[in-house]
Amino acid sequence: MTSADSHELRQALDALVAAAESAGLDSAAARDEGVRIAAAVAESAIGASVQWVDQTGAGSADEFFEAASSARRWRASPTDLLSRLAAEAPQHAGDYAKALIGVVAAASELGEPSIGVLGAASATAAAQLAGARQAPLIPPLSRTEATLFPSTTLAPIPHVGQPLTADLLSTEQPNFARPGDATMAELARRAGLTSSEPEPVSPTATQPAPAAAPPAAAEEEKPKKTVEELLAELDSLIGLDRVKREIHRQTQLLRIDQLRTAAGLTTPTLTRHLVFLGNPGTGKTTVARLVAGIYAALGILSKGHLVEVDRSELVGGYLGQTATKTSEVVAGAIGGVLFVDEAYGLALDQYGAEAITTIVKDMEDHRDDLVVIVAGYPEPMRGFMETNPGLASRFSTSITFQDYTDAELRDIFVRLAEASDFEPTPEALARFEQIVSIEPRDEGFGNGRYARNLLDKAIARHAWRLRDVAEPTLDELRLLLADDLNDSNDGEVQSTDNEAIGAPILVDVPQTDQTSAIEAESADTVPAAVPPSDDPAEPTTSKDTE
């Protein structure tokens, strides 16, 4: 970030706070959300932590990495406040999402630029746009538009290669000084960071002029999905057969309970709270969101929204503060589902114990309109359940999420690619299967998130591969090749003395017998798993990938 735009992130955060206040949200919570999502976007950029501290007023670089860790999931799903707006006040969701994209665009300029940061920024912005679908002010992004590459059939986009400031953006075609600059320039334009006004769109046969509607009609919520529609959505997920059976069983149990109550029959007291056990990226948050909708459709919950938190969002800086902080989080979840990810982290000390005690009390106080789902690795979760005598009696049902098979991961990869208007070639899928087959399946394995990370890297390499193609064809814009799943020469330009200029994306590969066989087929190094992040990989607006 240069001196010309040294205050860009600070200004973007101010704009986010203003959008939050207009929507009736807490300004401090909105700023905290913006600060964290900026860290998650810029996490891998060299030198980003120093600039982030300067722009946010944080105390140290440690806060940068803690903030990034807590917000990684927003790189693939809408933020908590945006999700709440989309459910409760959709008329404000568009403006808030627009302000979030401004923060994302500013965060992409922190530190030294890289393909990884630009890919994370693009994915994060797309996730926020998806989370504000009710807002007509922000059109959906398409990877086949001019946001990635110039084309004579597409409208021109600003000249980039320099920091995103209004006076530097023009109508020239991008020179791609950095792969992905065109994407971020478009994000900046959509977020209102440029001085130019968007051109009016003339009504056409396929896009009629919007009819004037009374304010009350404009604010009407979308019809809620039925139980049958939500169960069909559950069944459409890849894999998760045991999970699907258990959710169907729970749904039927609760449906009959509701019917018995309506008939005036005596009904047992059923525990609606759930424990989700499994490794990262196995679809826990996706299913939790569907459970929230199912419970609302059954009339058990009044709203059916999902509030996802972890230890960092429940525990305060000192004893006494935690109870207040946790109660505020629970209050926001009333009417829906409170999803506590990595809940075993609360069993580490007395601060976490205070949060557990508060949750147990609030579960009882709001038992008629609150469902709590705790999730985490199987073994640590057993210890968590033993920390408070009230937990075991309130969580009688545990559902185990198995790791995905190689074939299921391939299907997830294809589904995610198609959702982003990409098509992997058969050779690319064969390369993906080779990579997955040698990946150790320990607790650190990311499952669906692992597939999502490989896709993000492939998309970044695809963009770099077409850097010299002035007008790529539609097939060139869509097709992912086997080379896009390799790790060599990612954003790397060789100088005359063979010294690399730029920073390639490198991933260590476990040395196995299979690795040697793969290397014999290609001179490129096959990537192994990147460390699992909290990003979701579900191609919908879900946070946790199936």
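A contact here means heavy atoms within 4.5 Å. On that basis, residues 24 or more positions apart account for 73% of the contacts in the chain with a separation of 6 or more.

Before the details, some housekeeping. This is a predicted model, where local features need pLDDT of at least 70, side-chain atom pairs count only at pLDDT 80 or more, and totals for chains, interfaces and linings use all residues. Residues are numbered from 1 along each chain as its sequence is written, and side-chain values use heavy atoms, with hydrogens and water left out.

The chain has 546 residues, and 52% of them count as buried, meaning under 20% relative accessible area with a 1.4 Å probe, protein chains only; exposed is over 50%, and partly exposed lies in between. Its secondary structure comes to 21 helices and 9 strands. Helices are DSSP runs of H or I with at least four residues, strands are runs of E with at least two, and both are numbered from the N terminus.

Now two helix pairs. For these, axes are lines fitted to C-alpha atoms, for helices over the stretch in contact, and angles run from 0 to 180 degrees between N-to-C directions. Under 35 degrees counts as roughly parallel, over 145 as roughly antiparallel, 65 to 115 as roughly perpendicular, and the rest as oblique.

Take α1, residues 8-22, and α3, residues 48-56: they pack at about 50°, with axes 8 Å apart, and are therefore oblique to each other. On the α1 side the contact uses Glu8, Leu9, Arg10 and Leu13; on the α3 side, Trp52, Asp54, Gln55 and Thr56. By class that is 3 nonpolar, 2 polar and 3 charged residues. Nonpolar covers Ala, Val, Leu, Ile, Met, Phe, Trp, Tyr, Cys and Pro; charged covers Asp, Glu, Lys and Arg; the others, Gly among them, are polar.

The second pair is α5, residues 80-88, with α6, residues 90-107. Their axes come within 7 Å and cross at roughly 155°, so the two helices are roughly antiparallel. Leu81, Leu82, Leu85, Ala86 and Glu88 of α5 meet Pro90, His92, Ala93, Tyr96, Ala97 and Leu100 of α6. This contact has 9 nonpolar, 1 polar and 1 charged residues.

Last, α12, residues 284-297. Is this helix mostly covered or mostly uncovered? Mostly covered: 12 of its 14 residues are buried, including Lys284, Val287, Leu290 and Tyr295. Just after α12, glycine 299 takes a positive phi of about 90°.
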